[in-house]
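Reader: I have a structure open and would like to go through it in pieces. Can we start with how the chains meet?

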Amino acid sequence: MTGWLLFALLVWVGGWWLNTRLAARRVTRFTSLIIPVIFGLTLIAVWEGVVRGFEISPVLLPAPSDIATRFASSTSILWEDFVQTVIKGALTGYVMGCGSAFLIAILVDRYDFLRRGLLPVGNFVAALPVIGLAPILVMWFGFDWQSKAAVVVVMVFFPMLVNTVQGLSASSSMQRDLMRTWAAGYWTTLLRLRLPAAMPFIFNGLKIASTLALIGAIVAEFFGSPIRGMGFRISTSVGQLALDLVWAEIVVAAITGSAFYGAIAIIERAVTFWHPSQRR
Amino acid sequence: MKGSVLPVLTVVCGIFVIWYAAAVWLNATWAYDKAARSGVELSTQMLIADAWSQEKPKLPAPHQVAVEIWKTTVEKKITSKRSLIYHSWITLSATLLGFALGTALGIALAVGIIYNRTMDRSVMPWIIASQTIPILAIAPMIIVVLNAAGISGLLPKATISMYLSFFPVVVGMVKGLRSPDQMQLDQMRTWSASGAQTFWRLRLPASMPYLFTSLKIGMAASLVGAIVGELPTGAVAGLGARLLAGSYYGQTIQIWSALLMAAALAAALVGLIGLIQRITLSRMGMA
């Protein structure tokens, strides 16, 4: 017992000492990658040590090794939930929500009156607890993934709309005048100048929406779902005190969320290579 | 700002028109069913009248929700379990506690990140990564586990609020505390200011605009956390519980009134921070 606690303490001190040494050195790609990794591994090792050292009941907090075994032994359940929640619910809703917000933003942008009216309202709605609409949408669209996609659409719509509308006005009047002197029409100006200039804002909206989409799809399942899905599994497994399965689902959610966000960040880097924030 | 009053009003009116129209459209099926069963031919006028006054409509009309809110706030005693103010207060207290804890944690982490290089390079990436995790998924677990550990009531909900609200504060404060440029820091050096003095007199005041912007985001996130935190406790009390109970019993009007109450709460809280921001910044000569 004390052995595990001692192990946790040693790992913590060792990891921190190593990181202090590394952080004092020059910033390279290698160190800026390895330092957070060491920190993360240290945390996991300390978690393992503390859980085993204090003999914490697995009903309260399972050890990382237990979670890993559970993860490995129930991959089929996890995959089924992943398909139900992420691919059917979150991704469909994300594409529909962001797509419609983008199109409406372009429409709104053509009329200054609409823009000035919708922007404050959109900002206001984006700050509201929209997730509360989940029970209503579950009633309207049934228990299956359609209602989850609907929740996601509602959640991602306004952040995306506000960001796109803001982005479309990001080009300066000087640049727009230049397009006029080249006799460029509305569509040419939109495609060649204003949309590219809006890209940093659009990607900001897409990034915010990516986290919201997963949250929306999972929380909507708390209000009713068929017998699969990550939110469903989490809420029922908590009831059965199978916390290792809950943590395994959370690991899946974490990996999915990070991968989703990372994928958008990579696309952003390729599309907005000209923007100052992307320079190295 | 002045030129946007008319457009905003137009958009809001448009939303109400769409809402009323959608209420007719969504509730029409039920109205026709009812009419067919009692053998009555339904005129358009009767259809609209019925669609806007059903007891359990698919989408209640705005005035029905307004009446429900009026009944559950003004006409009920605050201590009554059916008073929306009582439920709002429960959610509000969890929100505020979580928000206070989250802000304190966020500022403490930001100060640590500014002054400790190791912390900056090892913790900061994880703080950012932690937000790509759909953290609300953990909410039921946090509630149940803390309950099992003997902690119940306000704190579990506040924990979720705290987790959601600390992130914007950390990111905003790190940016804000780093916002004084080299020239200003050198100026402090020439006055032989100590580290503490540089912090209290330069870095902290310079970070205020960033802090308030983050606080607004944190407050909205914190309310969402409190509402979601109320779901797995089995609908005891609070706005989240009203939502859940409403969805169990098909009480759509109750759901919508709880939802609008939450929206009003969010607007009021964010507006309050905005007001404090305006006063503070103008007294500091920054706005």
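This is a predicted model: local features need pLDDT of at least 70, side-chain atom pairs count only at pLDDT 80 or more; totals for chains, interfaces and linings use all residues.

Reader: How many residues of chain B are in contact with chain A?

Author: Chain B brings 53 residues, in contact with 51 residues of chain A. Contact means heavy atoms within 4.5 Å.

Reader: And how much area do they bury?

Author: About 4,300 Å² between them, 83% of it on carbon and sulfur atoms. Buried area is the accessible area (1.4 Å probe) that two parts lose on being put together, summed over both.

Reader: Which residues in chain B lose the most?

Author: Arg121(B), Thr132(B) and Met141(B), which together make up 16% of what the chain B side buries.

Reader: How many salt bridges across that interface?

Author: The rule finds zero; a salt bridge is a side-chain nitrogen of Lys or Arg within 4 Å of a carboxyl oxygen of Asp or Glu.

Reader: What kinds of residues are on the chain B side, then?

Author: There are 38 nonpolar, twelve polar and three charged. Ala, Val, Leu, Ile, Met, Phe, Trp, Tyr, Cys and Pro count as nonpolar, Asp, Glu, Lys and Arg as charged, and the others, Gly among them, as polar.

Reader: New topic. What are the domains of chain B?

Author: Domain 1 is 2-58 and domain 2 is 84-283, with bounds from an automatic or database domain assignment. Their centres, taken over C-alpha atoms, are 38 Å apart.

Reader: How much area is buried between them?

Author: About 420 Å², with 56% from carbon and sulfur atoms. On the domain 1 side, Trp19(B), Lys56(B) and Pro57(B) supply 76% of the area buried against domain 2.

Reader: Last one: is Val228(B) buried or exposed?

Author: Val228(B) counts as buried because its relative accessibility is 2%. Buried means under 20% relative accessible area, exposed over 50%, partly exposed in between (1.4 Å probe, protein chains only).

Reader: What is Val228(B) in contact with?

Author: Leaving aside neighbours within four places in sequence, Val228(B) is in contact with Ile131(A), Val219(A), Leu136(B) and Ala139(B). The C-alpha atoms of Val228(B) and Leu136(B) are separated by 7.4 Å, though the two are 92 residues apart along the chain.

Notes:
Residues are numbered from 1 along each chain as its sequence is written. Chains are lettered from A and ligands numbered from 1 in the order in which they are written. Side-chain values use heavy atoms; hydrogens and water are left out.
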